[in-house]
Amino acid sequence: MQQKTQLFLQALKSSVPHLGKCMQKQPLNHWHFAEHCYSRIKLRKYHLPKCLQNKNKISELARNIPSRSFSCKDLLPLKQESKNSPSENMDAFEKVRTRLETQPQEEYEIINAEVKHGGFVYYQEGCCLVRSKDEEADSDNYEVLFNLEELKLDQPFIDCIRVAPDEKYVAAKIRTEDSESSTCVVVKLSDHPVMEASFPNVSSLEWVKDEEEEDVLFYTFQRNLRCHDVYRATFGDNKRNERFYTEKDPSYFVFLYLTKDSRYLTINIMNKTTSEVWLVDGLSPWDPPFLIQKRIPGVLYYVEHRDDELYILTNVGEPTEFKLMRTAADSPAVMNWDLFFTMKRNTKVVDLDMFKDHCVLFLKHSNLLYVNVIGLADDSVRSLKLPPWACGFIIDTNSDPKNCPFQLCSPIRPPKYYTYKFAEGKLFEETGHEDPITKTSRVLRLEAKSKDGKLVPMTVFHKTDSEDLQKKPLLVHVYGAYGMDLKMNFRPERRVLVDDGWILAYCHVRGGGELGLQWHADGRLTKKLNGLADLEACIKTLHGQGFSQPSLTTLTAFSAGGVLVGALCNSAPELLRAVTLEAPFLDVLNTMLDTTLPLTLEELEEWGNPSSDEKHKNYIKRYCPYQNIKPQHYPALHITAYENDERVPLKGIVSYTEKLREATAEHAKNTGEGYQVPNITLDIQPGGNHVIEDSHKKITAQIKFLYEELGLDSTNVFEDLKKYLKF
């Protein structure tokens, strides 16, 4: 797992399990809360430890490492390197395959997080928490601080590391792939490191140091996927552990974030549409916290600090999209907020990073990526349009005030490093080996017109030399919930599909967050059907523009994305040949009626309250996949579910599968001989996690299913997949 600095909503989805049926391993598009300014996490090459070698796990964030040389590419799309191509008599696929086989294998190594503090780097090596001197971080010369096997967990890994300011203690949050529960271990650093304490069910944690130079650990406690309590603890001779804050409203959750300059610990209390922030003085952590602004329904805000000023990213005022405001730290209430920077229409704020003299905004505008660099001394703004192939940011942690490093990635291209240097005012690209996918594939930005006239963005990938795209298989991706962007991080299996001739289409429908807060608002509650109309329009537009055909079209989604996919299977099954779903949310009505489930109260603002609002109940009935199953033809369906999933209970998925099988059997009976009943497969995996993105077994099962249903030869794709997944 990777933890990064910055202020935004992404980290909440990966670190706090209270933003719905969408738990993701990589921080998605929600505010991202920072690491300690002395405890920065960066990416490092990580060789699979012996204790995990039997684990089906691949790298989500494979990266280029060959050399760390950079070239200046100021505001311009990047030119591709030229390389000698293989023999001309090789077919196109073999050319690609040869290039892939000759590129450096370290590009696809597993990545782990590491924290740099002072002269040491802290990270996981094998099944141990270790540290080494900074200059020896890539060697085998390290000190073991704690053996994770002492916790007696099944294949544990470190999810998060925090080092105390004076480096007397280090805290590590540890979990397993099969559970969302985390254990926080506090290790006392000395000549003989020892475990000082451990706390179960910890969600977020931060260190501060009080007036007596004593380290104080603040952490949040998670119970039944809900996070309402904040604790603070000290160790050594003055050991104590006390509850500091409890949120009484069950629809809110609590998350901790230390401002990048370590001046304030922020206690963020939020639900889907409203937030409230309290500040704990980093110099006086035993003093009562003070409130920035009391929660106002519909108002979201997030806080950073610099030079006695608070920088507040908020949707207050018109338009109700995010804007950057600032105020004096001693006058934090909303009436004192001054507008500092506004975003263009249809802009999504992906992330923010604060530096000594600059504020950097990472933006998505009209489905393209930008970086805005704001000079805090003169209020200057420089907007950088990033390469058109890029679909997502990976924000590198960094305490260097002179540089802002980040990575760009796409579903079929591993991350590539870039650095903005403030002194030069230029963007530098890492040079070296150029990924062959830049020459062998195309990325297109298209739009579909929904039935109400709204233009819906799509991102499409296919091989450059593909002929007659109408005869190529198409895999459509969709999500459309919680204001979250559709995941477009690098996935090796997507790369392999494009190499094998597939078209990939990512449909950024309403309900997601790709075009800002209003894009989400237009696809939630009693506007959820907009997302369904958008998805149908996208697929029809793709077919109309010559991308595949219904008999070769497949659709995939996970978690809450299953709502739109299941609804489309009911309303327009003729558009699809096969569907794969993972931990899908398919029974919206019965789930939202059951207030005993851990997330129902927190989900009301997304789906509505059918228990008390008849309008909401009737509207959910119109699109709920389970409620609308009927005897008709359906596409083939492969569902992956998890036995102890607390977010999307297995019971609802099993009920949906059984009802769907009954409906297809009835349709077959009424249709008569010759009708082939669609293949409906339910694959129940053990464990209590929600989505296990890196499971080899799941990936191969889904691809095998798609190839068999479309009648395609999978020999080549599995040979390439073995290389990427390193079976």
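Modeller: Buried means under 20% relative accessible area, with over 50% called exposed and partly exposed in between, for a 1.4 Å probe and protein chains only. The model is predicted, with local features needing pLDDT of at least 70 and side-chain atom pairs pLDDT 80 or more, while totals for chains, interfaces and linings use all residues. Residues are numbered from 1 along each chain as its sequence is written, and side-chain values use heavy atoms, leaving out hydrogens and water.

Biologist: What makes helix α6 mostly covered?

Modeller: Of the 17 residues of α6, 12 are buried, and these include K528 and D534 as well as L532, L535, I539 and L542. Just after α6, G546 takes a positive phi of about 90 degrees.

Biologist: Why are β24 and β25 called paired strands?

Modeller: Pairing requires that DSSP find at least two bridges between two strands. Strand β24 (residues 347–354) and strand β25 (residues 358–365) are joined by 7 bridges and run antiparallel, so they count as a pair. In β24, 8 of 8 residues are buried.

Biologist: How do you know how many disulfides there are?

Modeller: A disulfide is a pair of cysteine sulfur atoms within 2.5 Å, and by this rule the count comes to 0. For C184 the nearest cysteine sulfur, that of C160, is 8.2 Å away, and C184 is in no disulfide.

Biologist: Why is C184 called buried, and why is C569?

Modeller: C184 has 0% relative accessibility and therefore counts as buried. C569 has 5%, so C569 counts as buried too.

Biologist: What makes up the lining of the second largest pocket?

Modeller: The lining has 22 residues, of which E321, R345, N346, L515 and W519 lie nearest the centre of the pocket. The elements giving two or more residues are β32 (441–449), β33 (455–463) and α5 (517–521), with the largest share, 3 residues, coming from β32.

Note on methods: On a 1 Å grid over the protein atoms alone, a cavity is a set of points where a 1.4 Å probe fits but cannot get out, and a pocket is an open set with protein on both sides within 12 Å along at least five of seven lines; lining residues have an atom within 4 Å of a point. Helices (H or I, at least four residues) and strands (E, at least two) are DSSP runs, numbered from the N terminus.
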